[in-house]
Amino acid sequence: MAEYRTGQIRNFAVLGHTGAGKSSLLEALLFGARTIAQKGRVDKGTNHADFTAQEKAHQHSLEPSFLNIDHDGHHINLIDTPGLPDFFGRALQPLPAVESVLLVINAATGIESVTARAFAAARAQGKAVMLVVNHIDGNEDRLEALLADIQQQFGPRCLPVNLPGDDCVVDCYLHPAFESATRFSDVTTAHEQLVETVLEEDDKLMELYLEQGENLSPEQLHEPLEIALRMGHLVPVCFTSAEQDTGIPELLELLIQLMPNPREGNPPQFVNGTGDKVKPVDLSTKSTDHVLAHVFRVNIDPYFGRMAIMRVYQGKITNGMKLFAGVERKPFKVTHLLSLQGDKQVEMGQAVPGDICALAKIDELEVGSVLHESHDEDEYHLPPLVLPQPIFGLAVSSKRRGDEQKIAEVLNKLVAEDPSLSIARNEAEGQTVLQGLGDMHLQIALEKALQVFKVDMHTEKPAVAYRETILTQGQARYRHKKQSGGAGQFGEVELRVEPLPRGEGFKFESRVVGGAIPGQFIPAVEKGVKEAMKAGELGSYPVEDIKVTVLDGKHHSVDSKEIAFVMAGKKAFMDAVSEAKPVILEPIVQMQIKVDSAQVGDITGDISSRRGFVCGTESDNDGRVVVSVEAPLATVDDFATRLKSITGGEGEYTMAFARYEPVPEHVQQQMVSEKA
C-alpha cells in the first residue's frame, strides 16, 4: 500500500446513536473516494464495517471496525463504532487513538441519548468534533430546527460549514458560494460566523479582517482554525444524505482540509512511572525518534489468535525490528505489520507517527500495552480509559462437567476484547458473575462465547452489584496464634479503618514504628485486608471507599510468618469494620424514558413505586416526552416489561450507572436477615 507522511494522515472515530446512519455514511465515503466499486447495505449484510456473523444477524454494529481511505494525497482512518446504548463502552475504545470524532445525527430523530453522551466524552478527551447531520433527504423541513437544537444543547459554537440546498449542499467555508440558494439561513451569514469564530484565536488576523477589510483565505485561517477545533471553540456542522451521496464529496474535502492531522490534534497525555513518581511525558511525533505505540483494542480469534490494534505516536515501525511491550524484559519481533480494511488485512511496509495498524499473534499484547524500543520507556503508559461502569450481571456456570477451566479462559478473552465487560466473583454465593452495561451487552457476549469460542454457559438471573462501606472510624486489634506441636504461627495487628469519599476505592498505610511488625510482614497485613474486603461484614459484598491504617502489632522471632499476619490483618479489619457503622451500597441508575405525553403519569407513578424519583421532563423534537429519572438498579430489573405494557411497545429508555448510595435502613435489615 502507498506510503505517506504524518501530516497526510487523518484519524476519525465515527460515533452516533443507532440508526443515525454511521455505517451507510462510511459506505458512501468509501465509494466516493473510489476505495470500493459498489456500496454495501446493512440490511443485506454487505456493508464493509459490519462484517462479523453476529453483526450481520443482528443488523447492528456491535464492535469497533476499521476502514481507511486514500484520497487526494491523504490517508484517512475511519473507525466505525456501535450506536446501541448497551455498547457505549465499546464505542469509546478508539477515542485515545484519534484526533477527531465524526458524530453522526439522524435528521429524522435528532439528538438522542448516545449523541449527547458521545459529544461529552469526545470533548472530555480533547477531541475535535464534527457533527454530521445525515438522512437529510425527506427531512428538509426539520433541518433548521435541528441546527437550533444542536446549538442549544452543544453550544452556539456549533456552526454550519455547509447548508442544504436543492438536492445538494452549499459550501460556506472552503469555497463559499455566496449567491447559491439554501433551504435556510444564507451562505454569507454562515461564512461570516465561521470566520469571526476562527479569528478569535488570532488577534493579528482579526485586526486585518476588521480594520483593513481583507478577505482571508482558508489557508490563512488554517492555524487559528485548528486551535479553535482543539479547544472546542468551533464544532463544524455539515449535512449529508449517505443514501443519495448528497454532501459526500464535500465531506471528504472537509475531513482533509479542516480536521487536524496527528501533529495538530490534542495528543493523549502519556506518563512515566507509577504511584507518587508519575511524571507527564511529551512525545515528539517524529519518525526518527524511539518508537512509542499504544494498543487500544484487541481482537481474539480461535483460529488466527490475538490481534492487537495500535496507534503509533512516535518513531517508525518496520517489519523485522524488535520492540518491548511495557515492562516485558524480552523483546518480540515485528513480522507482519497490518492495515485493517473491514474483514481484510493488508501488509504494510512501515507505520509512521499517526498510523493506526495491527500486529497479530503476539500474546503479551493487551489493551493498554505500550510498545517501545528501550527499557528507559518500560513504565511509559496512558492512564486507563474511563469506561461506563458495568452494573448488570449474569451468574455464569458450565453446562458440562469439566468445562470450568474453558469457561474461565473464554470469559478472560471476552473481557480482553471489551474492557467494559468485567468478571466478578460472588464469594457469598460461590458464583462467577459476568458484568456488563445492559442485558443486550451480556447476551451478545454470551452468544459470541457460543458461536465463536464454542462454549455454552448456564446463566442465572442478573445479580445486582452491591457494595459495602463504612460511615465512621473503627479500630481493632487481633492476635493470630496457632501452636500444633511443631513450628507455630504468631502475628498481632492493630489497625484503624476510616471512610473515603465515594469513588476513591481503597488506601492502605502503615504507621508502625519501632519494628513492632517487621517491614517484610506489612504486605502480608495488606493482603489479609484485601482478602477480607472481597466479602464484607454485612452481606458478603465487596468493601470499597475505605482507608486502612496499620497502627501497631507484635511479632515473634520464631513463629511469625507471612500467613500469620495475613490472618491477623484479615480478622482485625473485619472487627474494625463492624465498629465503623458498615452500610450496604446499591447502584443507582439514571434513566431517560421516552413516551407519549399521555403516558407520563403512569411512568412517574411506576418509578415512584420502585424507590425512584423523577429528575425532570422535557418535550422531544418528535412530539414525545423524555422523563429523566433515577432509581435503584435492584428495583428496575423488570422495567422493560412494564414499559412495554404501559406503552404498547412504543416506549423506549436508556439506562446508565450514576453512583452508589446506601440502601434505606429497613432494606438493609431485610438483606442482612436474608443472608443470615
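Trainee: Is Phe565 buried or exposed in this predicted model?

Mentor: Buried means under 20% relative accessible area. Phe565 has a relative accessible area of 0%. Therefore Phe565 is buried.

Trainee: How are the rings of Phe521 and Phe565 arranged?

Mentor: A pair of aromatic rings is described by the distance of the centres and the angle of the planes. Here the centres are 4.9 Å apart and the planes lie at 20°. Planes under 30 degrees apart count as stacked. So the pair of Phe521 and Phe565 is stacked.

Trainee: Which parts does that pair tie together, and how many residues apart are they?

Mentor: Phe521 lies in the loop between β30 (506-510) and α12. Phe565 lies in helix α13 (residues 562-578). So the pair links parts whose separation in sequence is 44 residues.

Trainee: How many aromatic pairs are there?

Mentor: Ring centres must lie within 6.5 Å to pair. By this rule, the count is 8 aromatic pairs.

Trainee: What is the arrangement of Tyr466 and Tyr541?

Mentor: Their ring centres are 5.2 Å apart. Their planes lie at 50°. That makes the pair tilted.

Trainee: Where do Tyr466 and Tyr541 lie, and how many residues apart are the parts they tie together?

Mentor: Tyr466 is in the loop between β26 (457-459) and β27 (467-470). Tyr541 is in the loop between α12 (522-533) and β31 (546-554). So the tied parts are 75 residues apart in sequence.

Trainee: Which residues of α10 are buried, and what do they line?

Mentor: The buried residues are Ile407, Val410, Leu411, Leu414 and Glu417. Seen down the axis of α10, they fall within an arc of 125°. So they line one face of the helix.

Notes
Residues are numbered from 1 along each chain as its sequence is written. This is a predicted model: local features need pLDDT of at least 70, side-chain atom pairs count only at pLDDT 80 or more; totals for chains, interfaces and linings use all residues. Side-chain values use heavy atoms; hydrogens and water are left out. Buried means under 20% relative accessible area, exposed over 50%, partly exposed in between (1.4 Å probe, protein chains only). Helices (H or I, at least four residues) and strands (E, at least two) are DSSP runs, numbered from the N terminus. The arc is that of the directions from the helix axis to the C-beta atoms. Rings of Phe, Tyr and Trp (its six-membered ring) pair if their centres lie within 6.5 Å; planes under 30 degrees apart count as stacked, over 60 as edge-to-face and the rest as tilted.
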